[in-house]
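Subject: Structure for your review

Dear colleague,

Please find below the structure that I am handing over to you, followed by an account of what was found in it. I would be grateful if you could read the notes with the model open.

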Amino acid sequence: MKKLYALYVSLVSKLQSPFLLIIRLYWGWQFFLTGKGKLMNLDKTAGFFAGLNIPAPKLNAILAGSTECFGGLLLLLGLGSRIATVPLIFTMIIAYITAESDAAHAIFSNPDKFVTATPFLFLLTCVIVLIFGPGCFSLDAVIGRLCGEKKK
């Protein structure tokens, strides 16, 4: 039974890098598109931010859009992934606090509201990549191999 379980764990573990690749590609692209949309419609985004009482709405629209756009590209490529996820996580937390404050306050009382809010899957993806890394199908892994880094 132990050997069968060990084989099962070994086989399932081989899905880690393909899974990380899929979520990085999909959500990195989504971050890029969202950030690009903010930057391409800066006045509209700044107006939305102003309506949420975010200080310096145009500056914050540029910061959020740039973080999502360029952080999304880094996530998609798997380049500097664990570093790129930190500002993306911060941006998603701010999105929860400002644009989805009802959902953020309902994290324990109404978890469905929290997990169905727009920032949730973006945030979850970033936390997964921060904790597990980008996987072996990433530029981070290629650079690591070229630099002689040992596989863990």
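This is a predicted model: local features need pLDDT of at least 70, side-chain atom pairs count only at pLDDT 80 or more; totals for chains, interfaces and linings use all residues.

A56 is placed in the loop between α3 and α4, and its phi is near 45 degrees, a positive value in a residue other than glycine. N53 also lies in the loop between α3 and α4. The phi of N53 is near 60 degrees, again positive in a residue other than glycine. With a relative accessible area of 68%, N53 is exposed. As background, most residues other than glycine have a negative phi.

**Overall architecture**

The secondary structure of the chain consists of nine helices and zero strands. Read along the sequence, the pattern is accordingly α-α-α-α-α-α-α-α-α. The C-alpha trace spans about 60 × 40 × 20 Å along its principal axes. Of the 152 residues in the chain, 33% are buried.

**Helix packing**

The crossing in which α2 passes α4 is left-handed.

The second pair is helix α5, residues 81–98, and helix α8, residues 119–132. The axes of α5 and α8 come within 9 Å and cross at roughly 150 degrees. By that angle α5 and α8 are likewise roughly antiparallel to each other. Here, too, the crossing is left-handed, with α5 passing α8.

**Salt bridges**

How many salt bridges does the count come to? The count comes to two salt bridges. In general terms, side chains of opposite charge can pair when their charged atoms come close.

In one of them, E68 pairs with K38, and the closest N and O atoms are 2.9 Å apart. This pair links distant parts of the chain, since E68 is in helix α4 (residues 57–77) and K38 is in helix α2 (residues 16–40), 30 residues apart. Both E68 and K38 are buried.

K58 lies in helix α4 and D43 in helix α3 (residues 42–51), so the pair ties together parts that are 15 residues apart in sequence. K58 is partly exposed, at a relative accessible area of 42%, whereas D43 is exposed, at 59%.

**A nonpolar surface patch**

Which residues form a nonpolar patch on the surface? The patch is formed by Y5, Y8, V9, V12 and L15, which together have about 520 Å² of accessible area. One of these residues, V9, lies in helix α1 (residues 2–13). The relative accessibility of V9 is 34%, so V9 counts as partly exposed.

**Two separations within the chain**

F137 is placed in the loop between α8 and α9 (139–146). Its relative accessible area of 45% makes F137 partly exposed. F137 and P18 are 119 residues apart in sequence, and their C-alpha atoms are 7.4 Å apart in space.

K113 lies in helix α7, which covers residues 111–115. With 36% relative accessibility, K113 counts as partly exposed. K113 and A84 are 29 residues apart along the chain, and their C-alpha atoms are separated by 27 Å.

Yours sincerely

Definitions and conventions
Residues are numbered from 1 along each chain as its sequence is written. Side-chain values use heavy atoms; hydrogens and water are left out. Patches are made of residues with over 30% relative accessible area and no salt bridge: like charges are joined within 9 Å, nonpolar side chains (Val, Leu, Ile, Met, Phe, Trp, Tyr) within 5 Å. Accessible areas come from the Shrake-Rupley method with a 1.4 Å probe; for residues, only the protein chains shown count as cover. A salt bridge is a side-chain nitrogen of Lys or Arg within 4 Å of a carboxyl oxygen of Asp or Glu. Helices (H or I, at least four residues) and strands (E, at least two) are DSSP runs, numbered from the N terminus. Buried means under 20% relative accessible area, exposed over 50%, partly exposed in between (1.4 Å probe, protein chains only). Axes are lines fitted to C-alpha atoms, for helices over the stretch in contact, and angles run from 0 to 180 degrees between N-to-C directions. Angles under 35 degrees count as roughly parallel, over 145 as roughly antiparallel, 65 to 115 as roughly perpendicular and the rest as oblique. A crossing is left-handed if the near helix is turned anticlockwise from the far one by less than a right angle, and right-handed if clockwise.
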